[in-house]
Amino acid sequence: MNPALTELERLFPPGRLLHKPGELVPYESDALTAFRARPLAVVLPESHAEVQAAVRWCAKHQIPYVARGSGTSLSGGSLPIDGGLLIGLNRMNRLLRLDPVERIAVVQPGFINLQVSNAAAPYGLYYAPDPSSQPVSTIGGNLAFNSGGAHCLKYGMTSNHVLAAKVVLPDGETVELGSESLENTGPDWLGLFAGSEGLLGIATEITLRLLPKPETYHTVLAAYDSLAKAGEAVAAVVASGLLPGAMEIMDSLAIEAAEAAVKAGYPLEARALLIVELEGETPQVEAEARYLEEVIQKSGAYEVRVARSNEERLKIWKGRKAAFSAVGRLSPDYIVQDGVVPRSRLGQALQAIEELSARYSLRVANVFHAGDGNLHPLILYNGRLEGELHRAEELAGEILKLCVALGGSITGEHGVGMEKKAYMTEMFREADLAAMQRIRLALDPQELANRGKMFPGETPAQSFHGAHPLEKAGVISRE
Amino acid sequence: MQHKIDVEQLGPQGEIMAHAIEACVHCGFCLPACPTYQVLGEEMDSPRGRIFLMKEVLEGNLQMEEAQPYLDKCLGCQGCVTACPSGVPYGELISTYRGWSEPQRHRSPFQKLFRIGLQETLPYPARFRAAARLGRLGKLVQPLLPPMLKAPLELLPEALPQSEPLPEIIPALGERRARVAFLAGCAQQVLQPGFNRATLRVLAQNGVEVVIPKGQSCCGALALHTGERGRALQFARTNLKAFAGDYDAILTNAAGCGSGLKEYPVLFHGEPEQAQAAQLAARVKDVSVFLLELGLKEVPPLKRPLKVAYHDACHLAHAQGVRAEPRQLLRSIPGVELVEIPEGELCCGSAGTYNLEQPAIAATLGERKARHILASGAEVVVTGNIGCFTQIQTHLKKLGRELLVLHTLELLERAYAQAALQEGPS
């Protein structure tokens with residue numbers, strides 16, 4: 001082992017530094033397997049001080065690093081850097097404090113999203129942001145990518161539910177952002193940190209806001225014979241003044257996949273399914289439910305079902321939340337796209353995606369958070385067929401450009417990561433990106449933290465094919 | 001997931017492995033369901049990590065030895081199969097991979113001897129009984145033995161029950177409602193003959209005639225799951241013959257054996273007996289499933305209410321998807337209050353010979369399971385697999401809490417017999 005790695009190994013108890021090929025291979029990808037990179041080593045810290053030690057070592061030896069929790073990023077955000085250090089935070093998975101009176105939970109970054117709600121359940125509380133990956137994705141990653149989920153329509157994204165964070169900056173310094181109180185003093189530093197995709201530092205303690213669990217849910221499943229009708233129904237629900245907890249649409253391919261995976265009882269012949277969920281206090285939900293029924297009836301649904309029990313409700317959601325991975329049953333490869341359009345232009349966007357799908361001769365499955373216009377087209381391709389991946393990537397790019405052209409955004413919740421950095425220029429002007437880069441460089445002049453992600457263009461680490469300066473100097477080696 | 005595995009060169013077994021790897025999208029939903037990831041917290045000890053490792057070895061990019069330690073740590077519990085949204089047949093992958101890699105790998109003479117020892121005794125009740133007797137003598141010198149030999153001794157009971165030879169036919173009591181063939185299981189015949197006794201009684205009471213075909217052998221699961229494919233095929237061929245008769249169903253009362261028989265189509269993939277294996281597998285049922293479908297005769301109420309925890313054996317719940325049926329059987333006993341074990345979907349660490357080959361991880365999981373069982377407030381633990389039974393009993397005892405552990409059919413039999421439940425294990 002090279003001297004720098006030996007030095008790092010000595011900073012940790014035995015067994016925490018992984019560097020053999022068999023140990024590194026499983027870390028080469030996150031949930032976007034189109035990208036792979038082998039890190040120099042993986043370190044598994046179990047405390048704030050250990051994270052700090054790892055980051056300081058990186059700063060000292062100018063080695064870029066990536067922090068990751070469960071490695072479930074769909075944008076390649078937690079992809080390792082070739083020859084860099086991977087800081088695995090999955091063992092930092094403790095609940096440090098839960099205060100049911102103040103309604104806050106303090107967790108380590110490796111704590112799993114769903115576990116927050118499980119821990120809070122005995123007090124009648126829960127944690128609102130619910131990405132589909134919530135049984136596995138971690139709060140640290142949710143904060144870094146400002147994750148959303150089906151219920152963000154009503155409650156907002158992760159940034160709306162994080163009160164404070166203790167952060168190790170790229171130079172190894174520790175700062176505290178935000179506070180337990182809802183009112184902030186000075187600029188919203190924590191807001192800047194949320195969604196910064198690991199470029200500004202590593203959160204080691206995160207304070208979350210908990211909400212009282214809704215008393216009642218009313219979950220409606222409506223089947224349509226066209227995707228456009230389902231899209232129009234969403235606009236109609238919003239126009240009616242109702243604010244459901246969630247509004248989701250799945251098209252026929254997504255229905256087929258989800259049904260095969262979890263047998264949720266979805267009508268298989270439907271061209272589109274709309275899931276609308278009302279939640280809140282019982283009298284209010286009952287009144288809203290009657291109103292919603294009218295709106296849905298008028299929207300041309302040919303079949304409407306209401307979940308009669310909590311089991312039925314969970315089944316409906318399980319199908320929806322398994323949909324991405326379930327598409328693996330339909331195609332050996334697919335790209336999960338994540339773009340946003342204004343709600344009122346959903347129908348137009350879906351129509352355009354259908355045309356693009358036909359033009360590129362690639363199937364596109366649609367699963368999306370319709371309520372906030374967050375589209376998730378899944379582009380199905382077979383990587384074994386010459387040129388198909390390239391076509392799929394082009395199609396994905398066309399969809400993103402379409403989103404921007406319609407007045408939306410290139411990402412709703414998955415982040416930019418590797419996948420979308422080339423499209424940042426579609427969304428931002430040069431001056432916007434330059435300002436972001438200045439902020440980043442102020443905190444990380446060596447560009448060590450998650451180097452090569454989010455910002456467009458190649459970075460020194462990626463364009464670099466020869467030996468690292470430290471390799472040339474004999475300080476590090478790849479074996 | 002894309003791969004460059006040379007399927008043609010690997011043959012029919014390669015097809016099985018490549019198909020499973022293709023289905024994985026690396027989403028990570030398997031992580032929370034994997035016992036070794038939960039205990040070790042490292043990606044290479046997770047299902048998707050292991051899939052990556054197998055892929056790299058099969059593609060020739062990684063030395064087999066580099067991947068081996070992590071693949072050896074896989075319990076084969078298939079908790080990941082239940083959690084997987086994209087339908088990766090992980091169980092088929094790991095068994096096939098082990099069968100492919102075992103003949104090529106290096107093992108120390110001691111390891112080889114240990115493995116041969118297990119393969120040559122456990123599947124044969126008479127040999128296993130003799131070995132277990134010897135093992136009880138070994139208990140006297142246990143502190144002096146290497147850890148690898150300590151683990152099997154720890155799992156041996158204080159006293160070995162009398163051997164109970166099984167008749168070839170057990171007639172139905174009253175009107176005959178069905179005629180089935182029964183696989184008697186290997187280890188359970190030696191360690192817990194009460195399992196079969198209870199099962200056969202309950203079946204007879206429910207009007208089922210049971211045939212225990214003489215020519216039967218071990219199902220082969222033990223060999224298959226440890227990479228001894230040749231041995232597994234031998235056992236399976238014997239059973240294809242022994243169970244060829246015309247029965248309403250082929251029953252097992254051990255989760256591992258049931259899933260073992262159901263794996264025959266994978267085992268025989270590309271072999272001449274492929275179709276025959278599929279026919280046999282289609283007729284295999286766990287005794288709990290069969291009884292529920294048949295309609296259980298009324299069970300008299302227990303003398304007092306009883307809190308019962310049902311422990312899901314992985315090879316019933318994950319490998320065969322059997323979860324509701326045993327619970328429903330237990331609920332049909334008036335007086336039984338069924339409680340759920342927290343984290344119930346996680347393996348207890350028994351997993352065939354895993355607790356003998358990876359004693360440290362197995363013990364961590366065993367203790368975790370025992371603590372959860374105690375937390376459930378149950379008075380009795382019920383399960384449908386001999387391995388889980390032994391593991392749970394051992395770890396409850398280690399915690400100083402000797403809860404009564406029974407096979408599902410034992411509780412049912414006692415309810416029929418109005419037996420007192422405080423007597424202790426039969």
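This is a predicted model: local features need pLDDT of at least 70, side-chain atom pairs count only at pLDDT 80 or more; totals for chains, interfaces and linings use all residues.

Biologist: Let's start with the open sheet of four strands in chain B: what is the strand order?
Modeller: The pairing in this sheet is parallel. The twist from one strand to the next averages 35°. Reading across chain B, the order is E7-E6-E8-E9.

Biologist: Why do strands E7 and E9 of chain B each have one side without a neighbour in the sheet?
Modeller: E7(B) covers 336-339 and E9(B) covers 404-407.

Biologist: Which residue of E7(B) stands opposite B:Val308?
Modeller: Strand E6 of chain B, residues 306-311, pairs with E7(B) in the parallel sense, with four bridges. Opposite B:Val308, on the E7(B) side, you find B:Leu338.

Biologist: And helix H20 of chain B, what angle does its direction make with that of E7(B)?
Modeller: H20(B) spans residues 324-331 and packs on this sheet. Its contacts are with E6, E7 and E8 of chain B, where E8 is 380-383. Between the directions of H20(B) and E7(B) the angle is about 150°.

Biologist: Over to the five-strand open sheet of chain B: which strands stand at the edges?
Modeller: The strands run in the order E1-E3-E2-E4-E5, and the pairing is mixed. An edge strand here has a single partner, so one of its sides lacks a neighbour in the sheet. That describes E1 (169-170) and E5 (284-286) of chain B.

Biologist: What is the bridge partner of B:Ile170 in E3(B)?
Modeller: E1(B) is joined by two bridges to E3(B), residues 208-211, and the two run antiparallel. Helix H12 of chain B (193-205) packs on this sheet too, touching E1 and E3, with its direction at about 140° to that of E3(B). As for B:Ile170, its partner is B:Val210.

Biologist: How far apart are the C-alpha centres of the two domains of chain B?
Modeller: Domain 1 of chain B is 7-104, and domain 2 is 298-417. The centres of these two lie 28 Å apart.

Biologist: In chain A, how many charged residues are on the side of domain 1 that touches domain 2?
Modeller: Domain 1 of chain A is 1-213 + 418-479 and domain 2 is 216-417, with 29 Å separating their C-alpha centres. In the contact, 27 residues of domain 1 meet 27 residues of domain 2. The domain 1 side divides into twelve nonpolar and eight polar residues, and the charged ones number seven.

Biologist: Last one: is A:Val66 buried or exposed?
Modeller: A:Val66 is in strand E3 of chain A, residues 65-68. Leaving out residues up to four places away in sequence, its contacts include A:Ser78, A:Ile81, A:Leu86 and A:Asn450. A:Val66 has 28 C-beta neighbours inside 10 Å, and the cut-off is 20 or more. So A:Val66 counts as buried.

Terms used
Residues are numbered from 1 along each chain as its sequence is written. Chains are lettered from A and ligands numbered from 1 in the order in which they are written. Two strands pair if DSSP finds at least two bridges between them. Axes are lines fitted to C-alpha atoms, for helices over the stretch in contact, and angles run from 0 to 180 degrees between N-to-C directions. Two residues are in contact if their C-beta atoms, placed from the backbone, lie within 7 Å. A residue is buried if 20 or more other C-beta atoms lie within 10 Å of its own, exposed if 12 or fewer, and partly exposed in between; C-beta atoms are placed from the backbone. Domain bounds come from an automatic or database domain assignment. Ala, Val, Leu, Ile, Met, Phe, Trp, Tyr, Cys and Pro count as nonpolar, Asp, Glu, Lys and Arg as charged, and the others, Gly among them, as polar.
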